[in-house]
Amino acid sequence: MSEKLVIKRKLLVLGTFSVGKTSLVNRFTLNKFSDIYVPTIGVSIKKKSVELEEVIVDLVIWDIADVATFDIIPEHYLSGSHGVILVFDLTRPETLQKTLEGVNSFRDKLPSTAIIIVGNKSDLLENSNMETQNKEGLMEVHTSAKSGENVDEMFERLARLTIES
Amino acid sequence: MIETLYPLLGSMMKKAMLNQVRVINEKIERTANQVFTLGFWKSKFKSLITGIDHSEVYFQELYQSKIEDVFVIQKGSGLLIAKYKLEDTIADRDTIAGALEAIKGFAESVIGKNSIELEKIDYGEYNILLHNYHKFYFAVLCSGVVGNHFIQDVNEKIVNYASEYLQEIPTQVNSLNFKDNSENLQKYF
């Protein structure tokens with residue numbers, strides 16, 4: 001049996017304050033969740049490998065601190081990234097609006113980068129579809145960092161998209 | 001987990017860094033002039049023979065400089081192209097490489113001049129020497145006192161490696177044809 005090729009991908013996790021960016025990353029990389037809100041300062045970098053059929057993808061995840069607008073994110077954070085996760089809070093519709101505003105800015109700055117929109121905190125809704133196609137034509141995945149629902153699947157899906165793009 | 005600060009007070013930081021460098025420099029010179037031991041005179045003699053500055057020889061002998069780890073990192077993405085370790089003390093080199101890229105990017109954006117690149121980071125008892133190429137750079141983690149002579153030696157190793165493998169070093173680490181170059185790196189360090 002031949003060994004699988006290992007490739008590396010840089011992912012960015014972005015979104016406004018308290019939408020659960022770090023919780024998502026912690027759930028994925030450490031399988032842990034905490035209810036205590038600790039704002040990220042600067043950037044937190046973590047890594048996890050995902051095994052797909054053809055390759056193993058080493059995901060180096062840059063969890064970036066809350067920013068007022070996506071335009072002020074330092075260029076060197078964005079540089080060389082293969083995938084972007086834009087997180088919003090399903091219980092706060094205004095955070096989705098903010099996220100959608102950021103999409104066009106990213107499409108200009110990172111034209112070949114795979115983008116995925118994530119509605120987090122699905123556990124707080126009574127009924128939530130786990131996946132929809134929004135009006136921007138982007139995939140919108142719903143997750144719960146608290147229960148872990150759909151978190152691994154979302155990262156795996158993005159890993160796949162970064163290889164295809 | 002690696003966390004990197006992105007403070008906004010760039011000019012204050014630059015001033016503090018310069019001040020710190022001046023203080024350390026003064027401290028080294030003062031100590032070198034005050035200590036009269038056998039080791040001190042031995043190093044003085046070695047300095048005369050080799051022509052290397054006495055304070056550098058003296059402190060190098062007291063705190064032998066050593067390469068602990070070598071990283072080759074893609075500029076921009078911070079992804080690791082190759083690595084070489086003498087001792088397996090660092091758990092995850094991919095996150096270290098990302099953190100180094102974030103720090104480097106921050107420092108260079110604070111200074112704000114595109115042609116200037118960060119060349120050294122002091123981290124507790126360690127120094128991280130950065131040797132920049134167009135699409136990638138080397139980060140060499142060193143312990144002990146890192147003097148100019150040692151830096152020159154490290155740079156020589158890097159240039160020798162790079163001149164041999166410059167074409168082979170995968171500048172596109174994101175390519176599906178990516179081949180880790182760590183094996184070749186080990187021959188030079």
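This is a predicted model: local features need pLDDT of at least 70, side-chain atom pairs count only at pLDDT 80 or more; totals for chains, interfaces and linings use all residues.

1. Over chain A the mean pLDDT is 87, with 92% of the residues at 70 or more.

2. Helix 1 of chain A spans residues 21–30 and is mostly covered, with 8 of its 10 residues buried. The buried residues are Lys21(A), Thr22(A), Ser23(A), Leu24(A), Val25(A), Asn26(A), Arg27(A) and Phe28(A). Their cover includes strand 1 (5–15), strand 2 (43–51), strand 3 (55–64), strand 4, strand 5 (114–120) and helix 4 (151–164) of chain A. Just after helix 1 of chain A, Asn31(A) has a positive phi of about 55°.

3. Val87(A) lies in strand 4 (residues 83–89) of chain A. Val87(A) counts as buried because it has 26 C-beta neighbours inside 10 Å, and the cut-off for buried is 20 or more. Beyond its neighbours within four places in sequence, Val87(A) is in contact with Lys21(A) and Leu24(A), among others. Both of those residues are buried in helix 1 of chain A. The contacts of Val87(A) also include Val13(A), Leu14(A), Gly15(A), Val19(A), Gly20(A) and Val118(A). Asn120(A) is another contact of Val87(A); the two are 33 residues apart in sequence, with a C-alpha to C-alpha distance of 6.7 Å.

4. Chain B has an open sheet of 5 strands in the order 3-2-6-5-4, with antiparallel pairing. Strand 3 (80–85) and strand 4 (120–123) of chain B stand at the edges with a single partner strand each, so one side of each has no neighbour in the sheet. On average, neighbouring strands of this sheet are turned by 15° against each other, direction ignored.

5. Within that sheet, strand 2 (residues 66–74) and strand 6 (residues 136–143) of chain B run antiparallel and are joined by 8 bridges. Lys66(B) has Ser143(B), in strand 6 of chain B, as its bridge partner.

6. Which strands does helix 4 of chain B touch as it packs on the sheet? Helix 4 (residues 93–111) of chain B touches strand 2, strand 3, strand 4, strand 5 (126–132) and strand 6 of chain B. The direction of helix 4 of chain B makes about 75° with that of strand 2 of chain B. Helix 5 (residues 148–165) of chain B also packs on the sheet, touching strand 2, strand 5 and strand 6 of chain B. The direction of helix 5 of chain B makes about 45° with that of strand 5 of chain B.

Technical notes:
Residues are numbered from 1 along each chain as its sequence is written. Chains are lettered from A and ligands numbered from 1 in the order in which they are written. Helices (H or I, at least four residues) and strands (E, at least two) are DSSP runs, numbered from the N terminus. A residue is buried if 20 or more other C-beta atoms lie within 10 Å of its own, exposed if 12 or fewer, and partly exposed in between; C-beta atoms are placed from the backbone. Two residues are in contact if their C-beta atoms, placed from the backbone, lie within 7 Å. pLDDT is the predictor's confidence in each residue, from 0 to 100. Two strands pair if DSSP finds at least two bridges between them. Axes are lines fitted to C-alpha atoms, for helices over the stretch in contact, and angles run from 0 to 180 degrees between N-to-C directions.
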